[in-house]
Amino acid sequence: MHFTLENEYITLSQLLKACDVLPTGGMVKAYLADHYVLVNGEKENRRGRKLYANDVVEIDGQRIQIQ
């Protein structure tokens, strides 16, 4: 899946909501409290992590390329 940025960056929480991976910010917070996602191949659980163009997020077998 590809996601096109409208601004300089997007937070991990905003991205997961925008891509319909998790529907609400509360669900993102709860998910990241117990799990992690991969950002550019590294484990990440901070929902405020800033993501920029060319970053890759992987969660539950889904891959999101940011453009």
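# Briefing: strands, core and turns in a predicted model

Asp60 counts as exposed, at 64% relative accessibility. This residue is found in the loop between E6 and E7. The structure is a predicted model. Its chain has a mean pLDDT of 95, and 100% of the residues reach 70 or more.

- Five strands make an open sheet in the order E1-E7-E6-E3-E4. The pairing in this sheet is mixed.
- E1 and E4 stand at the edges, and each has a single partner strand, so one side of each is left without a neighbour in the sheet.
- Strands of a sheet pair through backbone hydrogen bonds, and they do so either parallel or antiparallel.
- Strand E3 (residues 37-39) and strand E6 (residues 56-59) run antiparallel and are joined by two bridges. Val39 has Val57 in E6 as its bridge partner.
- E6 also pairs with strand E7 (residues 62-66), in the antiparallel sense, over four bridges. Val56 stands opposite Gln65 in E7. Glu58 has Arg63 in E7 as its bridge partner.

**Turns with positive phi**

- Most residues other than glycine have a negative phi.
- E6 and E7 form a hairpin with two residues between them. Asp60 sits in this turn, with a positive phi of about 45°.
- Asp20 is not a glycine either, yet its phi is positive, at about 60°. Asp20 lies in the loop between H1 and H2. At 67% relative accessibility, Asp20 counts as exposed.

**The nonpolar core**

- In soluble globular proteins, nonpolar side chains tend to be buried together.
- The largest nonpolar core here has 18 residues. Phe3, Leu12, Leu15, Val37, Leu51 and Val57 touch the most other members.
- Helix H1 (12-18), H2, E3, E6 and E7 each supply at least two residues of this core.
- What does Leu15 touch, not counting residues up to four places away in sequence? Its contacts are Phe3, Ile10, Leu51, Val57, Ile64 and Ile66.

**Helix H2**

- Which residues of H2 are buried? They are Val28, Tyr31 and Leu32.
- Seen down the axis of H2, these buried residues fall within an arc of 95°, so they line one face of the helix.
- The face turned away from the buried side carries the exposed residues Ala33 and Asp34.
- The cover over the buried residues of H2 includes H1, E3, strand E4 (42-44) and E6.

**The aromatic pair**

- The structure holds one aromatic pair.
- The rings of Tyr9 and Tyr52 have centres 5.8 Å apart and planes at 55°, so the pair is tilted.
- Tyr9 lies in the loop between strand E1 (2-3) and strand E2 (10-11), and Tyr52 lies in the loop between E5 and E6. The pair therefore ties together parts that are 43 residues apart in sequence.
- Tyr9 is partly exposed, at 33% relative accessibility. Tyr52 is partly exposed too, with a relative accessible area of 34%.

- Gln65 is found in strand E7. Is Gln65 buried or exposed? It counts as buried, at 19% relative accessibility, because buried means under 20%.
- Beyond its neighbours within four places in sequence, Gln65 is in contact with Met1, His2, Phe3, Asn54, Asp55 and Val56.
- Asn54 is found in the loop between E5 and E6. At 61% relative accessibility, Asn54 counts as exposed.
- Leaving aside neighbours within four places in sequence, Asn54 is in contact with Asn40, Gln65 and Ile66.
- Asn54 and Gln65 are 11 residues apart in sequence. In space they are 6.5 Å apart, C-alpha to C-alpha.

Technical notes: Residues are numbered from 1 along each chain as its sequence is written. This is a predicted model: local features need pLDDT of at least 70, side-chain atom pairs count only at pLDDT 80 or more; totals for chains, interfaces and linings use all residues. Side-chain values use heavy atoms; hydrogens and water are left out. Two strands pair if DSSP finds at least two bridges between them. pLDDT is the predictor's confidence in each residue, from 0 to 100. A nonpolar core is a set of buried Ala, Val, Leu, Ile, Met, Phe, Trp, Tyr and Cys residues joined through side-chain atoms within 4.5 Å. Buried means under 20% relative accessible area, exposed over 50%, partly exposed in between (1.4 Å probe, protein chains only). Contact means heavy atoms within 4.5 Å. The arc is that of the directions from the helix axis to the C-beta atoms. Rings of Phe, Tyr and Trp (its six-membered ring) pair if their centres lie within 6.5 Å; planes under 30 degrees apart count as stacked, over 60 as edge-to-face and the rest as tilted.
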